[in-house]
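Here is my note on the charged and aromatic side chains. Please read it with the structure open.

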Amino acid sequence: MAFFSSGSRVLVEILTRMQSAERPMPVDHTFFEFGSIRYHVEASVSDPENVFLSISTPSLSHEAAAPSSSSAASRLPELTLQETRKTYGRFAEIVEPPREGYALTLKLNFSGLARPKDRVKAINQVSLLQSVVLSSQLKEMLGSLGSSPGTMRLVYNQREPFFVSRTADETINAIFPMRFRDDTDLAIATSFFQELQDVGNSFAWAPKCSWSPIPPPELRGEKVHHLTTNGGFVSFGVLSRHVRGKRAAKTAWILLNFQSYVKYHIKCTRSHVQSRMRERLETLTEAVQNARLRGTNSHDKKRASQVVKKRSSKRRLVSLAKASKKLHKGFRAVLDKIMKRLRQRIRVKGLDRLRRQFRCRCFAVPRLPAAPPRAHSRSRKAHRYHKLAE
């Protein structure tokens, strides 16, 4: 998951180039960063050792005020100036008054740092200037709550204010009303808050996190339009150790950019889901196309097999017709032979021998003539019988 770094990478790059340059060069850079922060870096060739750094950043306030050039250039609280002198006193001085249009101007001089390692460390500290300013302001406002329970509405971004309350057990709760324009973002955020609540409370040393669709009891008495949300309320329990020493700047930065971080996380999650859906759609489309190609191939194969079957069936019919003709001829020849045999005279073997031996004239014995010659005439010859003597 991404983390909004409190250090300015552009500022580190510019200061590093200026320190590593062989010849002094004039510098006049103005750039913007996340959170409506504006930097201005200025250096001249006549005085290359002194670098003037000006910063304009939205300051914390109790009520939403319309930003203007005068408010941006207004003087920072004395506690913030003291914290800045304490952090950058070795190599920086606060310029009074600051440059026009900026809230704070520092004169940096790294010539007193002999070792390159110390210069790199000092440049990294300068890049954290915004978090130092905001943490000192948050400390001052939390101190204004006192030890008695109470709630304060803080405005860092005009569209996304949040609340800080102190309970009876001296626990500080940071409460963030969450608002979303898109229903899809709202669904992803709700799932994210529930998971954050379950996972965050599983660690003993982590700040207690809670999410509720309705305002918590600490916000009773606040105005209705301040509590009108569609994403619920996210609360973090800030302990005393979170606002001590070096942790104070990091804690202030995390609290002030929590809402922006949530929206960034939601957009990244949404883009990831959409990319996965596109990949899945491409996979399914490819599978459907392959199935269609296989279906056409199988259909072609089926048609080819049907054509082959038709051809083979025709061949079989032809062969069967030829075989049936041969069989018909064979059967016909056999039947002709049988009919010829049936048409011939019946002969009894040994009948002539019996007649010659016994010379018996008791009965008439017909004389069987020879087989008649084949003739086309339909007339039949009369059989001659021997008459027996009386």
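**Notes on charges and rings**

1. Start with Arg-270 and Asp-182: their side chains meet in a salt bridge, 2.5 Å from N to O. A salt bridge here is a side-chain nitrogen of Lys or Arg within 4 Å of a carboxyl oxygen of Asp or Glu. The pair links distant parts of the chain, 88 residues apart. Arg-270 lies in helix 8 (residues 258-343), and Asp-182 lies in the loop between strand 8 (172-177) and helix 6 (183-200). Helices (H or I, at least four residues) and strands (E, at least two) are DSSP runs, numbered from the N terminus. Salt bridges that share partners join Asp-182, Asp-185, Lys-267 and Arg-270 into one network.

2. A word on the source. This is a predicted model: local features need pLDDT of at least 70, side-chain atom pairs count only at pLDDT 80 or more, and totals for chains, interfaces and linings use all residues. Residues are numbered from 1 along each chain as its sequence is written, and side-chain values use heavy atoms, with hydrogens and water left out.

3. Buried means under 20% relative accessible area, exposed over 50%, and partly exposed in between (1.4 Å probe, protein chains only).

4. How many salt bridges does the structure hold? The count is 9. One of them joins Lys-107 and Glu-93, with the closest N and O atoms 3.8 Å apart. Lys-107 is in strand 5 (residues 104-109) and Glu-93 in strand 4 (residues 92-94), 14 residues apart. Lys-107 is partly exposed, at 27%.

5. Glu-78 also forms a salt bridge, with Arg-85. Their closest N and O atoms are 3.8 Å apart. Glu-78 is partly exposed, with a relative accessible area of 41%. Arg-85 has a relative accessible area of 41% and is partly exposed.

6. Now the rings. There are 9 aromatic pairs. Rings of Phe, Tyr and Trp (its six-membered ring) pair if their centres lie within 6.5 Å; planes under 30 degrees apart count as stacked, over 60 as edge-to-face and the rest as tilted. Phe-91 and Phe-110 are stacked, at 5.6 Å centre to centre and 25 degrees between the planes. Both Phe-91 and Phe-110 are buried.

7. Phe-176 and Phe-258 have ring centres 5.0 Å apart and planes at 45 degrees, so this pair is tilted. Phe-176 sits in strand 8 and Phe-258 in helix 8, 82 residues apart. Both Phe-176 and Phe-258 are buried.
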